[in-house]
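Keep the structure open beside you as you read.

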Amino acid sequence: MPCSSLPDHIVALVLDHLKLLEFDDDQERRETGTRVSLVCKEWHLAGRRIAWHSVMLEWAGDGRLAHELLARPDVLAEVRRLAFQAELPAPGEGMRETDQDAAAKSIALVEACSALEALDVGLVRHDGYLL
């Protein structure tokens, strides 16, 4: 007896639910989305939406990823949640050059994410406390 497949609308619901799952980290989310996108042509867009639904960047540490994202407006169109983690300078210290560059890229990313629904900026003081 041949195996029947699920109706397309059921598959779409399952894949749509995957993008809302809480993954351990962004790498796991992107790997899952990539795997889904490689199943077949019909699943490609759903996989990309899973991979890029939520993006977490360390403000000064993920400059390369931020730069690559800014070069891909098609990917930024899939981002719904964007989070930045930043360490504030100690009292009396000014912003480092890397912080200034990261701030500029952060603003550009927020502006480029046309479908953004949530923005989280986690600021960590020099003593480790989250603001």
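Leu 109 is in contact with Leu 57, Ala 66, Leu 69, Leu 70, Leu 76, Leu 82 and Phe 84, once its neighbours within four places in sequence are left aside. Please keep in mind that this is a predicted model.

Leu 109 also belongs to the largest nonpolar core, which has 14 residues. Along with Leu 109, the residues with the most contacts inside this core are Trp 52, Val 55, Leu 57, Leu 69, Val 79 and Leu 82. Which elements each supply at least two residues of the core? They are helix 3 (44-52), strand 1 (54-58), helix 4, helix 5 (73-76) and strand 2 (81-87). Helix 4 gives the most, with three residues. There is also a second, separate core of six residues, and Val 11, Leu 15, Phe 23 and Val 36 are among them.

Is Leu 65 buried or exposed? Its relative accessible area is 18%, and buried means under 20%, so Leu 65 counts as buried. Leaving aside neighbours within four places in sequence, Leu 65 is in contact with Arg 30, Trp 52 and Leu 57.

Now turn to Leu 13, which sits in helix 1 (residues 8-18). Leu 13 has a relative accessible area of 57% and is exposed. Together with Leu 6, Ile 10 and Val 14, Leu 13 makes a nonpolar surface patch of about 360 Å².

## His 53 and its surroundings

His 53 is found in the loop between helix 3 and strand 1. At 7% relative accessibility, His 53 counts as buried. Which residues does His 53 touch, not counting those up to four places away in sequence? The list is Lys 19, Leu 20, Arg 29, Glu 78, Val 79, Arg 80 and Arg 81.

Two of these partners deserve a look of their own. Lys 19 counts as buried, at 17% relative accessibility. The side chain of Lys 19 meets that of Asp 16 in a salt bridge, at 2.9 Å from N to O. Asp 16 is partly exposed, with a relative accessible area of 39%.

Glu 78 counts as buried, at 8% relative accessibility. Apart from neighbours within four places in sequence, Glu 78 is in contact with Leu 45, Arg 48, Arg 49, Trp 52 and His 53.

## Charged pairs

Side chains of opposite charge can pair when their charged atoms come close. How many salt bridges does the structure hold? There are nine.

One of them joins Asp 74 to Arg 48, with the closest N and O atoms 3.2 Å apart. This pair links distant parts of the chain, with Asp 74 in helix 5 and Arg 48 in helix 3, 26 residues apart. Asp 74 is partly exposed at a relative accessible area of 31%, and Arg 48 is partly exposed at 22%.

Arg 49 and Glu 78 also meet through their side chains in a salt bridge, at 3.2 Å from N to O. Here too the pair links distant parts of the chain: Arg 49 is in helix 3, while Glu 78 is in the loop between helix 5 and strand 2, 29 residues apart. Arg 49 counts as partly exposed, at 36% relative accessibility, whereas Glu 78 counts as buried, at 8%. Both pairs belong to a network of salt bridges that links Arg 48, Arg 49, Arg 72, Asp 74 and Glu 78.

## Cysteines

How many disulfides does a search of the whole structure find? It finds zero. Cys 40 has a relative accessible area of 27% and is partly exposed. Cys 113, at 5% relative accessibility, counts as buried.

Methods
Residues are numbered from 1 along each chain as its sequence is written. This is a predicted model: local features need pLDDT of at least 70, side-chain atom pairs count only at pLDDT 80 or more; totals for chains, interfaces and linings use all residues. Side-chain values use heavy atoms; hydrogens and water are left out. Patches are made of residues with over 30% relative accessible area and no salt bridge: like charges are joined within 9 Å, nonpolar side chains (Val, Leu, Ile, Met, Phe, Trp, Tyr) within 5 Å. Accessible areas come from the Shrake-Rupley method with a 1.4 Å probe; for residues, only the protein chains shown count as cover. A salt bridge is a side-chain nitrogen of Lys or Arg within 4 Å of a carboxyl oxygen of Asp or Glu. Helices (H or I, at least four residues) and strands (E, at least two) are DSSP runs, numbered from the N terminus. Buried means under 20% relative accessible area, exposed over 50%, partly exposed in between (1.4 Å probe, protein chains only). Contact means heavy atoms within 4.5 Å. A disulfide is a pair of cysteine sulfur atoms within 2.5 Å. A nonpolar core is a set of buried Ala, Val, Leu, Ile, Met, Phe, Trp, Tyr and Cys residues joined through side-chain atoms within 4.5 Å.
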